[in-house]
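Please read the following report alongside the sequence and the coordinates.

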Amino acid sequence: MAVLLAGGAGYIGSHTAIEMIEAGMEVVVVDNFYNSDPEAIRRVEEITGRKIALYEADVADKEAMRRVFAEQSIDTVVHFAGMKAVGESVEKPVMYYRNNLDSTLTLLEVMKEYDCNRFIFSSSATVYGEPDSLPLSEAAPKKSVNCPYGWTKWMIEQILTDAVAADDKLSVVLLRYFNPVGAHKSGRIGEDPKGIPNNLFPFIAQVAVGRRDHLNLFGNDYPTPDGTCIRDYIHVVDLAKGHVAAARYAAEHKGCEIINLGTGNGYSVLEMIHAFEEATGIPIPYEIAPRRAGDLPVSYACADKAEKLLGWKAELTLTDMCRDTWNWQSKNPNGYREEEV
Ligand code: NAD
Ligand code: WQD
């Protein structure tokens, strides 16, 4: 039996493919390469020494998904296939709702046809909205979120909760990721944003490699010790291992479980810049810029439930996150695009 990684060529999916294969699982990948490159899967094959069944298809294309399920024996689906840029989702809300909701609904419908009952969803800490207390535990209420991207996660969580309530065979794990960073230690795969990076770490990495001359630090007047926002950054390899644990959990339990994937530690933007400089020896010039709309001052996870239910906890350090990001970026200054040059 295999695990279907929908959106498996992307940043988190490609790292998860490696950890699943190394844990003895078989994986099948479906991706339309909207935000990724087939080269990522080629490199996963190179790292693992295993050939991966790869389908180029839109997850919302029901006929294409039926073909995948007909050809492969899939018992678990991990659904990474979403659009994820916060700012773009404000400009193109309909495209975001269409892609993120349709892909989920199609997967649920086709899974039912093929009696596949385990679903792991890539949700986000964004569904917590503005926290009443910290750390953020799964028991905290979902709140109003700040963009259409966040609402798609919010709505998909509701769709999956309702689907489970109506079907005792279903097992769903809603994984709420905090801030994934870093790369596989080989430096062969990593985050490869198209255009100007939206997120902090890819931006820092592109400054370090000389693609951008400085970082704009969005706001240093927040109510935090150094005035910059605090987040729970988690190494993508730890996050990937969380999916291995979640797939095992889903195999043994029914119902719907919400699980944070974070470290439980918060670091400020300035701390991240300094940690990167210290780990790599490369200075990161930055300029203080106005606050970015929608940013919360502080967000970090309570990671206890993941440890209790999944037996998983993050192990890699901030230095690992910085070193591995730089290892990937320095070996691949233009991401996957310069491989043969
Ligand atoms: P990514 O863009 O690198 O990966 C998503 C993959 O899905 C890409 O390969 C893309 O081509 C593919 N895809 C998108 N829509 C598709 C469709 N309709 N059919 C087929 N393939 C499709 O993003 P990522 O960082 O790996 O994130 C994976 C998931 O985790 C996303 O759903 C994202 O919203 C969620 N998430 C990410 C973060 C983060 O900071 N990276 C945080 C919280 C949640
Ligand atoms: C972190 C901090 C910025 C860029 C986002 C989504 C969330 C999830 C993860 C994905 C903030 C500051 C950033 C820059 C900066 N999404 N920053 N200069 O906002 O916590 O979470 O990604 O699918 O839903 O909202 O992460 O990395 O964008 O920002 O100063 O150029 O870095 O203001 O304080 P965020 P981020």
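Predicted model: local features only at pLDDT ≥ 70, side-chain atom pairs only at ≥ 80, totals over all residues.

Residues are numbered from 1 along each chain as its sequence is written, and side-chain values use heavy atoms, with hydrogens and water left out.

Helices (H or I, at least four residues) and strands (E, at least two) are DSSP runs, numbered from the N terminus. The axes of α1 and α8, being lines fitted to C-alpha atoms over the stretch in contact, with angles from 0 to 180 degrees between N-to-C directions, come within 8 Å and cross at roughly 60°.

| Helix | Residues | Contact residues in the pair |
|---|---|---|
| α1 | 11-22 | Y11, I12, H15, T16, E19 and M20 |
| α8 | 236-252 | V236, V237, L239, A240, K241, H243, V244 and A247 |

Contact here means heavy atoms within 4.5 Å.

A nonpolar core is a set of buried Ala, Val, Leu, Ile, Met, Phe, Trp, Tyr and Cys residues joined through side-chain atoms within 4.5 Å, where buried means under 20% relative accessible area (1.4 Å probe, protein chains only). The largest such core has 42 residues, of which L5, M20, V173 and L175 touch the most other members. Among the elements that each supply at least two residues of this core are β1 (2-6), α1 and β6 (171-177), whereas the largest share, nine residues, comes from α8.

Leaving aside neighbours within four places in sequence, L175 is in contact with residues including I120, F121, H243, A246, I259 and L261. A second, separate core of 29 residues includes A2, A64, V110 and V164.

Conventions. Chains lettered and ligands numbered in written order. Buried < 20%, exposed > 50% of the residue type's maximum accessible area, 1.4 Å probe, protein only.
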